[in-house]
Amino acid sequence: MGVEAGAQVARSRALAVLRIRSRALAVALLPAAVAVVLLAGGSTDHLVGAGWHLARWITSVAAVVVLLAAAAIALVVARARPAMSPTVPIAEESALDLYHLVRDLADRLGVPAPSAIALTPDCDSWLEDRTHPANAPPAPEGRDEISGVRGLRPAFQGQRRRAAATASPVLVIGSPFLWWMRVAELRAVLAPVVAGTGPSSHPDIAAARRFVRGLDAAVAVAAAHRRDPVSRAALAGVGWVARLLLRSCRVHAAEMERGVAVAAAERAQAVDYGLRIVAQEQVGLAYAGWDRLLTRVALPAWRMGRWPARLDAGVVAALTELSRRDRLAEGFTSRLGERPACDLLEEPGLVDEAASLLAARLFHGGPAEPGPDWAPVDWQEYPEEVVDRKWRMDAARLHRVLDALDARGGHRTPSAAPQNPDAPTLSRVMNHLTTPQPSATAEAEEETGTAETAEAAETANDDYDYDDEYVDGDGDDERVGSERGEALAAGLSAEVAREEAAVPVGGQQAPAGLTGQGPDTALWDDGSLPLFPLQPPRTGRELLADHVTAMVCCAAMDTAGAMPGLDWLDGPSLLLNGERAADLGSKVLTLIETGDPAPLDAWLRATGVRPEKPVRLV
């Protein structure tokens with residue numbers, strides 16, 4: 001299928017969508033047309049009699065009701081704001097070279113240039129129609145889409161309002177592409193995306209897209225929670241009609257978009273075709289590095305109330321490390337010597353900071369603005385500000401749960417060490433996990449304590465809306481090795497649930513007067529954050545493994561001179577004599593799953609860690 005064939009398919013499907021719209025209008029006007037015929041017949045003395053008089057009254061009333069309902073539905077469809085992706089706007093004056101590249105690419109493809117450029121913290125690029133008037137309200141003075149990031153000016157606001165008056169869509173670019181790809185690679189990747197502006201300018205395709213987006217927005221409006229029974233009932237009818245029309249348009253709209261994509265891809269064949277094959281390999285690499293960076297590096301910081309302010313720069317470091325380890329790319333060093341695409345920005349550091357804050361909101365649900373409990377962190381500070389604090393906070397939580405279990409009785413483990421058995425030592429944790437099962441009498445007490453802990457976990461779940469599988473730690477097939485371990489895992493789950501539930505939606509309460517995020521405020525509600533959660537809630541087994549590992553790391557730092565470190569692919573890591581301790585995780589899992597401390601004991605002796613010494617907590 002060539003360019004013309006794809007465009008023809010798209011236009012024919014667009015006409016099919018518009019015919020559905022016309023049929024809906026005809027159905028709405030049908031009662032009025034019948035009423036007009038009956039009224040005209042009565043005025044000319046052709047349709048006379050009591051029966052025709054009653055029919056005129058019935059059809060007239062029905063026509064008025066149907067017209068009012070149709071007008072209400074049309075008003076909701078027209079005024080409902082279509083969904084729009086949260087992005088970081090890029091003003092033209094802050095990225096002259098990038099705009100020049102895109103416009104030059106559009107000229108080579110023979111299509112209209114995008115009206116504006118925005119960045120998304122994801123490995124994808126697309127065109128987004130923002131021509132709906134509701135997408136361009138006057139923004140507050142000095143604000144932008146992602147507030148709280150220093151240095152980004154609202155110059156894009158006027159450009160956004162101008163773009164709303166044109167048919168050209170906005171080009172949304174994945175921010176990791178700018179930092180990882182070279183300029184020529186970025187141009188090759190964007191070629192088929194920019195080529196999509198050609199079909200987007202066709203009147204029939206543009207009208208069909210507006211109709212479908214309006215129906216989708218109307219469904220969202222009808223689904224919104226409202227307490228007023230009247231408005232809820234009225235919008236339920238609007239939602240039913242909108243869903244009916246959407247179902248009728250679904251196949252045609254999908255085929256239309258497929259035809260647009262085919263036409264754009266065929267048109268882009270003549271631009272950097274050979275380079276696009278190489279660039280697509282870099283797209284896969286960027287996605288792999290971005291995913292590892294978010295889940296292994298950024299997520300631990302976000303959970304502590306810190307957000308790495310240079311995520312895109314971290315992608316480069318992560319992919320460099322990945323290529324160095326696995327030798328994924330030939331000529332990798334020479335490639336890095338070429339000009340990176342981020343050089344097309346005037347201030348790449350500020351854009352990276354804005355994209356990093358947006359990523360924290362989308363993937364974790366963080367606040368819209370930095371604050372005392374939501375501060376940025378540089379990569380140089382990450383080991384001390386995030387890794388060390390994370391381990392010590394986890395160790396402190398672990399000992400709080402142990403104290404709670406001991407206070408309930410039946411869980412205290414005799415210690416061979418002369419110091420306080422409740423001291424925050426690694427030995428206390430290991431003894432708890434390796435103590436043999438109690439006798440029948442003690443077992444009853446053990447079960448009572450475990451039941452109380454499980455009940456506390458269930459109570460936390462009821463209070464803070466956590467799944468039972470998450471709170472009690474036993475929802476999956478990977479059970480902790482002993483009853484003591486299960487009780488400890490359940491206590492940790494309840495404690496974590498209690499702490500996370502104490503944080504308001506969005507991470508913290510927004511200051512007065514700063515509740516918006518700029519033009520996109522009404523398009524994505526804080527109550528729905530995170531929009532794309534990275535990981536499901538951790539099970540009790542995973543929480544126990546994380547906390548025991550943190551305790552081991554604290555003991556190693558305080559008694560063996562170890563240091564916190566950052567591995568670009570695996571996140572927080574323990575450094576012993578400058579080398580990463582890569583074999584610690586398996587030994588901790590052996591301890592908690594089987595109650596066998598031998599592998600961990602051997603590792604502690606080999607590294608000089610003294611488990612009987614108290615560690616510093618926070």
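Trp379 has a relative accessibility of 14%, so this residue counts as buried (buried is under 20% relative accessible area, exposed over 50%, partly exposed in between, with a 1.4 Å probe and protein chains only). Keep in mind that this is a predicted model, where local features need pLDDT of at least 70, side-chain atom pairs count only at pLDDT 80 or more, and totals for chains, interfaces and linings use all residues. Residues are numbered from 1 along each chain as its sequence is written, and side-chain values use heavy atoms, with hydrogens and water left out.

Now for the rings. Searching the whole structure turns up two aromatic pairs. Rings of Phe, Tyr and Trp (its six-membered ring) pair if their centres lie within 6.5 Å, and planes under 30 degrees apart are stacked, over 60 edge-to-face, and the rest tilted. Trp379 and Tyr382 make a tilted pair, 5.9 Å centre to centre with 45° between the planes. Tyr382 is buried, at a relative accessible area of 0%. Trp379 also pairs with Trp568, this time edge-to-face, at 4.9 Å centre to centre and 75° between the planes. (Helices, H or I with at least four residues, and strands, E with at least two, are DSSP runs numbered from the N terminus.) Trp568 has 22% relative accessibility, so it counts as partly exposed.

On to the helices. α10 covers residues 273–303, and its 31 residues should span 45 Å at 1.5 Å a residue; the end C-alpha atoms are 43 Å apart, which agrees (the expected span is 1.5 Å times one less than the number of residues). There is a bend of about 35° at Leu294 in α10, taken as the angle between axes fitted to the seven residues ending there and the seven starting there. Just past α10, Gly305 has a positive phi of about 85°.

| Helices | Angle | Axes apart |
|---|---|---|
| α3 (residues 96–109) and α6 (residues 183–194) | about 50° | 10 Å |
| α14 and α15 (residues 426–434) | about 55° | 11 Å |

α14 is therefore oblique to α15, and α3 and α6 are oblique to each other (under 35 degrees is roughly parallel, over 145 roughly antiparallel, 65 to 115 roughly perpendicular, the rest oblique).

Note on methods. Axes are lines fitted to C-alpha atoms, for helices over the stretch in contact, and angles run from 0 to 180 degrees between N-to-C directions.
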